[in-house]
Amino acid sequence: MEVGIGIAVTVLALAIAARRIFWLGRLVRSGRSAPDRLKGVFGHVRAEATDVIAQRKLFKRTVPGVAHAITFWGFIILLFTIIEAYGNLFSNNFAIPVIGHTAVLGFLEDFFAVIILIAILVFSVIRLREAPAKKERASRFYGSHTKAAWFVLLMIALVLITLLGYRGAQVNAGGFSYGWWAFASHLVARALVGLGHSANRTIEVVLLELNIAAIMGFLIFVVYSKHLHIFAAPLNVAFSRRPRALGPLATTPNIDLEEVSEDTVFGAGTIEQLSWKQLLDLVTCTECGRCQAVCPAWNTGKPLSPKLLIMSLRDNLFASSSRLLTGGGGSDASGESSASALVPDVISPDILWSCTTCGACVEECPVDIEHIDAIVDMRRYEVLMESRFPTEAGTMLRNIENRGDPWGLGASGRGEWMKGLDFEIPVVKDKLGEEIEYLYWVGCAGALDERARKATQATVRLLYSAGVRFAILAERESCTGDPARRLGNEYLFQTQTRKNIEVLDEAEIKKIIVSCPHCFNTIAREYPALGGNYEVIHHSQLLADLVANGRITMDHNFDVSVTYHDPCYLARHNRVINKPRSLLENIPGIKIIEMDRCKERGFCCGAGGSRMWMEENIGKRINLERTDEALATGADVIATACPYCLIMIDDGIKERQQADEVRVLDISQIAQETLSPS
Ligand code: SF4
Ligand code: SF4
């Protein structure tokens with residue numbers, strides 16, 4: 001009888017769960033192919049070890065991180081108790097083969113049962129404390145399905161209470177083979193001993209059946225809820241981009257206009273045009289809200305939340321399931337497309353265009369969801385298939401196409417920043433030549449924006465004085481294509497890229513210095529996919545090395561306080577974090593004050609993702625949010641290492657009417673003021 005009920009419950013639950021998992025698998029596989037994600041998947045052992053087993057990202061929030069890790073590790077140990085529970089259905093002397101009833105296992109099982117119950121209490125307190133606030137945008141649980149989380153906590157508690165209960169009764173009924181190391185079971189036994197042998201035997205049987213029923217109920221609930229991440233997260237981590245989904249975009253579709261047909265689709269306009277990996281992202285989201293809490297768009301009152309974006313796409317995936325699984329092909333009986341347009345039906349244009357591609361969401365997500373790639377794929381569809389994008393962005397695209405820079409100032413102005421220098425910089429006419437080591441890629445902002453030009457001048461003065469042999473392209477330099485790419489115009493990006501690669505390769509350029517982190521990211525990490533392979537160094541790295549090697553020596557103190565703003569495309573996307581700091585730290589007298597949001601967890605200036613060329617009419621301006629944070633440090637100087645950040649924060653300082661008190665400088669300008677090249 002006991003055996004029959006336990007087995008019947010298990011078979012039924014496994015059948016329901018298997019049906020759901022099979023259905024989810026088919027749904028995910030209905031996405032576009034992503035062959036690159038299958039390559040080297042077994043090499044992702046380290047990612048599984050750090051992100052899944054060691055729960056690395058969860059520890060960024062200490063209390064919930066520790067509670068989650070305890071629960072996760074505990075359930076690995078508690079798998080043994082599940083095996084034992086099934087064994088106990090048949091014999092209450094059951095022991096796992098080879099392992100048996102060792103004291104260590106008995107202790108670990110009880111220890112984790114107890115501390116998971118404590119972790120559940122901690123989760124409950126966190127959720128109760130968040131409950132009044134969760135209707136506020138500031139809460140990371142805003143918009144999450146929190147009732148499901150309560151149910152899961154209840155189910156876990158039920159599994160553990162029935163486990164300790166049946167083991168305690170088993171001690172009294174005879175047949176429990178662990179000694180006092182299984183301390184919690186023996187403590188429960190003490191509480192039950194007064195009920196007598198026969199009552200304990202009944203309690204043992206009832207709680208054992210309930211334990212199995214709770215485990216199976218939990219399994220079914222998991223596969224039907226956001227808690228599916230228990231199974232999906234290890235897969236999502238295994239198929240994620242390594243070392244992280246930052247830096248280059250995931251895909252570089254080959255855009256050859258001669259091969260474009262009526263069936264060609266660029267980007268993602270409907271849910272099935274996302275790849276299977278992107279669909280796996282959707283079903284893996286835990287709704288934890290860590291991405292939402294760090295998103296600069298969300299934090300400044302805009303409608304974009306990376307969490308809500310993923311949840312909306314997931315809802316659309318489930319709503320489209322019958323069409324996707326029956327191969328409906330996106331058409332209804334009348335031949336009209338029955339698929340919802342991702343934009344604007346699922347994701348509003350204001351959400352789509354609010355993203356700065358800063359990467360904070362990707363950095364934070366504990367299950368390695370790749371938000372930026374999905375956002376840019378939807379932008380690609382909007383721009384290339386529908387010609388829908390903010391008007392101002394259209395001007396920027398035309399400027400790049402016709403004049404070679406986003407402002408439309410033209411190539412003739414690209415050398416003007418050199419006026420006033422007391423030395424000549426060689427301009428590459430034909431080949432770079434043996435005697436020149438580097439090409440200095442000035443970048444559109446560095447060459448054309450008045451404020452950024454000062455940083456360019458400071459950089460070249462330091463390079464020249466340190467004896468670095470470098471040349472520039474001047475009028476032959478053109479936009480890398482980064483703003484076009486982040487806006488979704490992959491065609492223009494590839495046109496610019498091919499043009500630039502041709503110029504660079506003709507001049508036989510191997511090593512490039514860049515000041516702009518966006519140029520750095522594009523040339524170093526995106527040009528290789530289109531055949532451009534160069535050794536690229538950011539000016540912060542080279543200057544720091546020149547100081548470390550003694551090629552630039554200190555002359556006098558810089559007795560002011562400085563707070564350093566990390567550019568997203570330098571620190572987060574490319575992990576250049578220590579070199580700019582090392583340059584600053586080597587300056588005598590300087591006092592460095594870190595902002596709370598710094599390094600790879602820094603807060604965006606608001607310019608990335610082409611936002612530099614779009615109006616910002618919703619909520620607080622992102623550059624003001626960052627400027628306010630920098631001003632709150634009380635530093636005399638806000639330093640950065642990116643022309644976009646320089647412009648955005650300088651605008652913020654002016655808007656806050658602090659330009660007379662606080663200076664905004666590139667680290668090269670600080671170095672120039674304080675270091676004397678030897
Ligand atoms: S990339 Fe930045 S702006 Fe875009 S959704 Fe993520 S956190 Fe928000
Ligand atoms: S996308 Fe990642 S960080 Fe954001 S809510 Fe989902 S699991 Fe959490």
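This report walks through one predicted protein model, from its overall build to a few selected residues.

The model is predicted, so to speak of a local feature, pLDDT must be at least 70, side-chain atom pairs count only at pLDDT 80 or more, and totals for chains, interfaces and linings use all residues. Residues are numbered from 1 along each chain as its sequence is written, chains are lettered from A and ligands numbered from 1 in the order in which they are written, and side-chain values use heavy atoms, with hydrogens and water left out.

## Overall build

The protein chain has 678 residues, and 57% of them are buried. Buried means under 20% relative accessible area, exposed means over 50%, and partly exposed lies in between (1.4 Å probe, protein chains only). The chain holds 29 helices and ten strands. Both are DSSP runs numbered from the N terminus: helices are H or I with at least four residues, strands are E with at least two. Along the principal axes, the C-alpha atoms fill a box of roughly 100 × 70 × 50 Å.

The accessible surface comes to about 28000 Å², and 57% of it belongs to carbon and sulfur atoms. Accessible areas come from the Shrake-Rupley method with a 1.4 Å probe; for residues, only the protein chains shown count as cover. Among contacts with a separation of 6 or more, 80% join residues 24 or more positions apart. Contact here means heavy atoms within 4.5 Å.

## Around the ligands

The residues around ligand 1 include Cys 295, Cys 355, Cys 358 and Cys 361. A residue is near a molecule if one of its heavy atoms lies within 4 Å of it. By class, this shell has nine nonpolar, three polar and no charged residues. Ala, Val, Leu, Ile, Met, Phe, Trp, Tyr, Cys and Pro count as nonpolar, Asp, Glu, Lys and Arg as charged, and the others, Gly among them, as polar.

Ligand 2 has 13 residues around it. Cys 285, Cys 288, Gly 289, Cys 291 and Cys 365 come nearest. Its shell has seven nonpolar, three polar and three charged residues.

## Salt bridges

Side chains of opposite charge can pair when their charged atoms come close. The whole structure has 43 salt bridges. Each is a side-chain nitrogen of Lys or Arg within 4 Å of a carboxyl oxygen of Asp or Glu. Three of them are listed here.

| Salt bridge | Closest N and O atoms |
|---|---|
| Arg 601 with Glu 364 | 2.3 Å |
| Arg 380 with Glu 490 | 2.9 Å |
| Arg 581 with Asp 566 | 2.7 Å |

Take Arg 601 and Glu 364, which form a salt bridge. Arg 601 lies in the loop between strand E7 (591-592) and helix H27 (622-632), and Glu 364 lies in helix H16 (residues 360-364), so the pair ties together parts that are 237 residues apart in sequence. Arg 601 is partly exposed at 34% relative accessible area. Glu 364 is buried at 4%.

Next come Arg 380 and Glu 490, also a salt bridge. Arg 380 is in helix H17 (residues 371-385) and Glu 490 in helix H22 (residues 490-506), so this pair links distant parts of the chain, 110 residues apart. Arg 380 is buried at 3%, and Glu 490 is buried at 0%.

In the pair of Arg 581 and Asp 566, Arg 581 lies in helix H26 (residues 578-585) and Asp 566 in the loop between strand E6 (561-564) and helix H25 (568-571). Arg 581 is buried at 4%, and Asp 566 is buried at 1%. Salt bridges that share partners also join residues into one network, including Asp 377, Arg 380, Asp 482 and Glu 490.

## Buried residues and a surface patch

His 518 sits in helix H23 (residues 517-526). It is buried at 6% relative accessible area. Beyond its neighbours within four places in sequence, His 518 is in contact with Asp 482, Tyr 569, Gly 608, Cys 642 and Tyr 644.

Gly 652 belongs to helix H28 (residues 643-655) and is buried at 0%. Leaving aside neighbours within four places in sequence, Gly 652 is in contact with Asn 623, Leu 624 and Thr 627.
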